[in-house]
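Hi,

Here is the structure I promised to pass on.

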Amino acid sequence: MKDVREALFAGRNTAGKLVRRPISPFMLGSAYKPQMSSMTSIMHRITGCALGLGTLLLTLWLVCAATGDGAFSIVQAFLASWIGILILIGFTAAMFYHFCNGIRHLAWDAGWGFALPVMHRSGWTVVAATAVLTVGFWVIAFLVW
Amino acid sequence: MDKHSAPSTNIMRSPLGRARGLGAAKSGLHHWWGQRLTAIALLPLSLYFVVSVLILSGADRAQMAAYLGEPWNAVLFLCLIVALFYHLALGVQVVIEDYVNNEAQRMAGIMAVKAACWFCGLACAVSVLKLAL
């Protein structure tokens, strides 16, 4: 045994057999039923990582604006193309989700909203708010464009 | 942990010896606080950013420079950039720590993410300052 921690990860199942304890991400599979808590949590991570990639676009946008008229018109044209708009729709949806679910996480950090009915309600509220904010943003965006 | 060896608790250690050193990490509170404080800061800042993007949609470079030439806009953009990239570096660090088991890969990944955040954050800040000044 290489690591003392290995002994801590061994336990007995109901039949008394010594088994390796399951570890969180590896529990995903046929034995795992998706729940509001786990799905909103993993979506928070996925949208966070997606927004991280989105900051590359933000960097490109600002650097091109600082570089010159030619560079900026290229990046603006790319963002206004159908693929650019598709990326930006994904970016705004991820941002509004991460924003709303982030408020939910801050509320949990403050000790509020742990009761299961409250958690389910706030989870669905996040999903609905993400949809409303994303659609609302793009309605306004196409109106002011 | 080796997935292929049979599970075993057969080690020459007392239960106390096994538990020792496996408690709180003793550090990391500043990471937790940094993540929360930047999250709170990003609530108004990201709404400001959304409004700015709507105002600047279809703008040319001169309009962009005029917008960022307003001192409050430049300051708010710089606040956004600092909070955003700090929050991003802390967040991706946790994701890497959770999913990358190999220690060398984990360290290299975290350092690469932090370097990328510094690089892009500084590029954004310098660009905003160049447009603003």
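Below is what turned up on aromatic pairs and salt bridges.

A word on conventions: this is a predicted model, in which local features need pLDDT of at least 70 and side-chain atom pairs count only at pLDDT 80 or more, while totals for chains, interfaces and linings use all residues. Residues are numbered from 1 along each chain as its sequence is written, chains are lettered from A and ligands numbered from 1 in the order in which they are written, and side-chain values use heavy atoms, with hydrogens and water left out.

Let me start with the rings. Rings of Phe, Tyr and Trp (its six-membered ring) count as a pair if their centres lie within 6.5 Å; planes under 30 degrees apart are called stacked, over 60 edge-to-face, and the rest tilted. Over all chains, that rule gives seven aromatic pairs. One of them joins Trp61(A) and Phe72(A): the ring centres are 6.5 Å apart and the planes stand at 40 degrees, so this pair is tilted. Trp61(A) belongs to helix α2 (residues 36–67) of chain A and Phe72(A) to helix α3 (residues 69–80) of chain A, so the contact ties together parts that are 11 residues apart in sequence. Helices here are DSSP runs (H or I, at least four residues), numbered from the N terminus.

For accessibility, buried means under 20% relative accessible area, exposed over 50%, and partly exposed in between (1.4 Å probe, protein chains only). Trp61(A) is buried at 8%, and Phe72(A) is buried at 1%.

In chain B, Trp32(B) and Trp33(B) make an edge-to-face pair, 5.5 Å centre to centre with 90 degrees between the planes. Trp32(B) is partly exposed at 33%, as is Trp33(B) at 45%. Back in chain A, ring pairs connect Phe96(A), Phe137(A), Trp138(A) and Phe142(A) into a cluster.

Now the charges. With a salt bridge taken as a side-chain nitrogen of Lys or Arg within 4 Å of a carboxyl oxygen of Asp or Glu, there are two over all chains.

- Asp98(B) bridges to Arg45(A), with the closest N and O atoms 2.7 Å apart. This pair crosses between chains, from helix α4 (residues 71–99) of chain B to helix α2 of chain A. Asp98(B) is partly exposed at 39%, and Arg45(A) is partly exposed at 24%.
- Asp109(A) meets Arg36(B) at 2.8 Å, N to O. Asp109(A) sits in helix α4 (residues 82–109) of chain A and Arg36(B) in helix α2 (residues 29–56) of chain B, so this pair joins two chains. Asp109(A) is partly exposed at 35%, and Arg36(B) is partly exposed at 22%.

Best wishes
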